[in-house]
Amino acid sequence: MACATPTDVAASAGFHAAAGVGNACFAYLTHDPTGQPRPRFPQLPADSRTVVLDIEGATTLISFVYDELFPFARTHCKAYLDKHWDEDALQSALNVMRSEASQDVTQPGINCVVKAVEWQMDMDRKISGLKALQGLIWKDGYASGELKGHVFADVFSALQWWKETGVQVYIYSSGSVGAQKLLFGSSKFGDLLSLIAGHFDTAVGAKVEAASYQAIAKQLNVPPAEIVFVSDAEKELLAAREAGIGWPVLCCRPGNKPLTTDSCGFPAIRSFLELCRNADE
């Protein structure tokens, strides 16, 4: 691409979240789109002591990412580049952008980079350089208090429960590890990073590829069959199941996409608290 081309979050959350307009997935919580009963969801720590969580549409309202984080990165991009142009972290992110998609940044200069960033965001590019740059911009926003990470109330409670009961919690998102830590480190419930054992991003592989989940299991030194993976994305759950993940769980939240027959065979929840139970209860 040549240089010349290119509010506050409000929603009911948790176990009692209301199914309203745009919440079509709630119609299939107990039965899948074919009418078949869904399998039971796992109980942690009763069934597993390792859980991997998606962010968008699972821990976090999906509109927070698309309606707040992404627009913030877009509108603050030029100001951030002007202020930090000579800093190593920024230049490193830009070098990765150039190496990943050299056709997107064909000319030097701040204005050209801004246009390239806008075009890549319009195309919903899932590339490391763009994610790194967005993370730098969001870091400024969290530091200034302009941004507060959205986390559902039931997620905060579940994270505390799992910490107390010895469940290891990991995050796997297409957003960079740095961006993940910013969201949970500056959430509306405060700093939640002490409740999370680790983070994975697309450096481990794409979320729709089975090999990514096998790589995560290998890094965790946990058999795939003993891992719970919670996501709103059907294709991610299919990949996890193909990888041998024992408990792929579908998460329904306000604003998530309607479900298809790809969701068949997965247990479904509307609150992380549904996954919290001791073995002796």
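## Ground rules

Because the model is predicted, local features need pLDDT of at least 70 and side-chain atom pairs count only at pLDDT 80 or more, while totals for chains, interfaces and linings use all residues. Residues are numbered from 1 along each chain as its sequence is written, and side-chain values use heavy atoms, with hydrogens and water left out.

## The sheet

Let's start with the strands. Six of them form an open sheet in the order S4-S3-S2-S5-S6-S7, with parallel pairing. Helices (H or I, at least four residues) and strands (E, at least two) are DSSP runs, numbered from the N terminus, and two strands pair if DSSP finds at least two bridges between them. Strand S4 (198–200) and strand S7 (268–269) are the edges; each has a single partner strand, so one side of each lacks a neighbour in the sheet.

Strand S5 (residues 227–231) pairs in the parallel sense with strand S2 (residues 50–53) over 4 bridges. Here Val52 has Phe229 as its bridge partner, and Leu53 stands opposite Val230. S5 also pairs with strand S6 (residues 247–251), again parallel and over 4 bridges, with Val230 opposite Val249. Together with helix H8 (residues 234–242), S5 and S6 make a right-handed β-α-β unit; right-handed means that, with the strands pointing away from the viewer, the path from the first strand over the helix to the second runs clockwise.

Of the 5 residues of S5, 5 are buried (under 20% relative accessible area, where exposed is over 50% and partly exposed lies in between, with a 1.4 Å probe and protein chains only).

Helix H7 (residues 210–220) lies across S2, strand S3 (168–172), S4 and S5, at about 145 degrees to S3. Such angles run from 0 to 180 degrees between N-to-C directions, with axes fitted to C-alpha atoms, for helices over the stretch in contact.

## Two nonpolar cores

A nonpolar core is a set of buried Ala, Val, Leu, Ile, Met, Phe, Trp, Tyr and Cys residues joined through side-chain atoms within 4.5 Å. The largest has 57 residues, and Leu53, Trp162, Val230 and Phe272 are among those that touch the most other members. Helix H1 (residues 62–84) contributes the most to this core, with 9 residues.

Beyond its neighbours within four places in sequence, Leu53 has contacts (heavy atoms within 4.5 Å) that include Trp162, Tyr170, Val230 and Phe272. A second, separate core of 26 residues includes Val204, Ile216, Ile227 and Leu250.

For Cys25, the nearest cysteine sulfur is that of Cys252, 3.4 Å away. Cys25 is buried, with a relative accessible area of 1%. For Cys251, the nearest is also the sulfur of Cys252, at 6.9 Å, and Cys251 is buried at 1% relative accessibility.

## Two backbone details

Most residues other than glycine have a negative phi, and most peptide bonds are trans. The bond from Leu44 to Pro45 is cis, with omega near 15 degrees, and Pro45 sits in strand S1 (residues 44–45).

Asn221 has a positive phi, near 60 degrees. Asn221 lies in the loop between H7 and S5 and is exposed, with a relative accessible area of 70%.

Technical notes:
A disulfide is a pair of cysteine sulfur atoms within 2.5 Å.
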